[in-house]
Amino acid sequence: MGRSEGARQIETARVHGTDVALGAAETAAAVYPGAPLPALAAPPTHVAIIMDGNGRWAADRGLPRVEGHRRGVEAVRRAVRSAIELGVRYLTIYSFSSENWRRPPAEVADLMGLMKLFVRRDLADLHGNNVRIRIIGEREGLPADIAGLLDEAEQRTRANTGLTLIVAFNYGGRQEILRAVRSLARDVAAGRLAPDAIDLDVLTGALDTTGIPDPDLVIRTSGEQRLSNFLTWQTAYAEYVIVPEFWPDFDHAAFRAAVDEYHRRDRRFGGLSGKAG
């Protein structure tokens, strides 16, 4: 599917509680007649993105996988600009999962190299645009040069007050919960915390994302429909929008289309509908 076509549609929409697969000629406006969105609808506070499809994008073009990853970095830059333009306050990107270490060593080396290149080339621009960077994921055991760059990115942008860019690197949702539980267990064993004092807020505060609101919207590219161990705790009530584009083709139009779809959802958080009718 080409970029211009994919930007006009969402692969899976939710209409009156029923999943509807959209055909190539159908647009979100056609599926939701009589319910136009305001031109400047309030953006979701926190958007999280599972950036999927770099390898398939490259394979479709007869290119090496690393070229797909390079183009994926360009898509990250576009997504950051889009988040700023749309007024999103927090943007989380799933850059490297705990499971990605299982990939061929050459590909892992390419991904590490692209991560270093991104920080070195883009940190000044991000800082200049008032972007604050947060890194979530396991730091222990990372190569020293990678760990140092991640620390530098966080420290240099710590006082910024614009978009917070959360980079999930060497991250896994289950592993994050396990680290939090072990930390709380050590506090209990040391007498610093009573077991009965552990509630949802205490556990949430022990996660990597402490101080960051839960995602309102999760976007996954390439048409895949799974969580892939991403923000397992934090996305309990997030809205998911699956888009057909491979990540290197994800652009501002696709970002805006996903946000528009988010605004059509009826977020009940286990309660009754807040919409009339």
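Which residues do ring pairs link into a cluster with Tyr 94?

1. Basis of the note. This is a predicted model, in which local features need pLDDT of at least 70 and side-chain atom pairs count only at pLDDT 80 or more, while totals for chains, interfaces and linings use all residues. Residues are numbered from 1 along each chain as its sequence is written, and side-chain values use heavy atoms, with hydrogens and water left out.

2. The aromatic cluster. Ring pairs link Tyr 94, Tyr 171 and Phe 230 into a cluster. A pair of aromatic rings is described by the distance of the centres and the angle of the planes. Here rings of Phe, Tyr and Trp (its six-membered ring) pair if their centres lie within 6.5 Å; planes under 30 degrees apart count as stacked, over 60 as edge-to-face and the rest as tilted. A search of the whole structure finds seven aromatic pairs. One of them, between Tyr 94 and Tyr 171, is edge-to-face, at 6.1 Å centre to centre and 80° between the planes. This pair links distant parts of the chain, since Tyr 94 is in strand β4 (residues 90-97) and Tyr 171 in strand β6, 77 residues apart. Helices (H or I, at least four residues) and strands (E, at least two) are DSSP runs, numbered from the N terminus.

3. The stacked partner. The rings of Tyr 94 and Phe 230 have their centres 4.5 Å apart and their planes at 20°, so this pair is stacked. Phe 230 lies in the loop between β7 (217-220) and β8 (239-242) and Tyr 94 in strand β4, so the pair ties together parts that are 136 residues apart in sequence.

4. Buried means under 20% relative accessible area, exposed over 50%, and partly exposed in between (1.4 Å probe, protein chains only). Tyr 94 counts as buried at 8% relative accessibility. Tyr 171 is buried as well, and Phe 230 is buried with a relative accessible area of 0%.

5. Strand β4 and its partners. Six of the eight residues of β4 are buried, so that strand is mostly covered. Two strands pair if DSSP finds at least two bridges between them. Strand β3 (residues 46-50) runs parallel to β4 and is joined to β4 by four bridges; the bridge partner of Ala 48 in β4 is Thr 92. Seven bridges join β4 to β6, and these two strands also run parallel. Leu 91 stands opposite Leu 165 in β6.

6. On a 1 Å grid over the protein atoms alone, a cavity is a set of points where a 1.4 Å probe fits but cannot get out, and lining residues have an atom within 4 Å of a point. Grid points are joined across faces, edges and corners, and a volume is the space filled by probe spheres set on the points. The whole structure holds two cavities of 30 Å³ or more. The largest cavity has a volume of about 80 Å³, and its lining includes Phe 118, Asp 122, Ile 135, Ala 153 and Leu 165. The elements giving two or more residues to this lining are α5 (105-128), β5 (132-136), α6 (144-157) and β6 (164-171). The largest share, six residues, comes from α5.

7. Ala, Val, Leu, Ile, Met, Phe, Trp, Tyr, Cys and Pro count as nonpolar, Asp, Glu, Lys and Arg as charged, and the others, Gly among them, as polar. The lining of the largest cavity divides into 11 nonpolar residues, no polar and one charged.

8. The second largest cavity. About 40 Å³ of space lies in this cavity. Its lining consists of His 46, Thr 209, Ile 212, Pro 213, Asp 214, Pro 215, Leu 231 and Gln 234, which divide into four nonpolar, three polar and one charged.

9. His 46. This residue lies in strand β3 and is buried, with a relative accessible area of 2%. Contact means heavy atoms within 4.5 Å. Leaving aside neighbours within four places in sequence, the contacts of His 46 include Thr 92, Ile 166, Ile 212 and Asp 214.

10. Positive phi. Most residues other than glycine have a negative phi, and most peptide bonds are trans. Ser 228 has a positive phi, near 55°, and Leu 231 has a positive phi near 45°. Ser 228 is in the loop between β7 and β8, where Leu 231 is also found. Ser 228 is partly exposed, with a relative accessible area of 30%, whereas Leu 231 is buried, with 1%.

Definitions and conventions. 1 Å grid on protein atoms, 1.4 Å probe; cavity = no way out; pocket = protein on both sides within 12 Å on 5 of 7 lines; lining within 4 Å.
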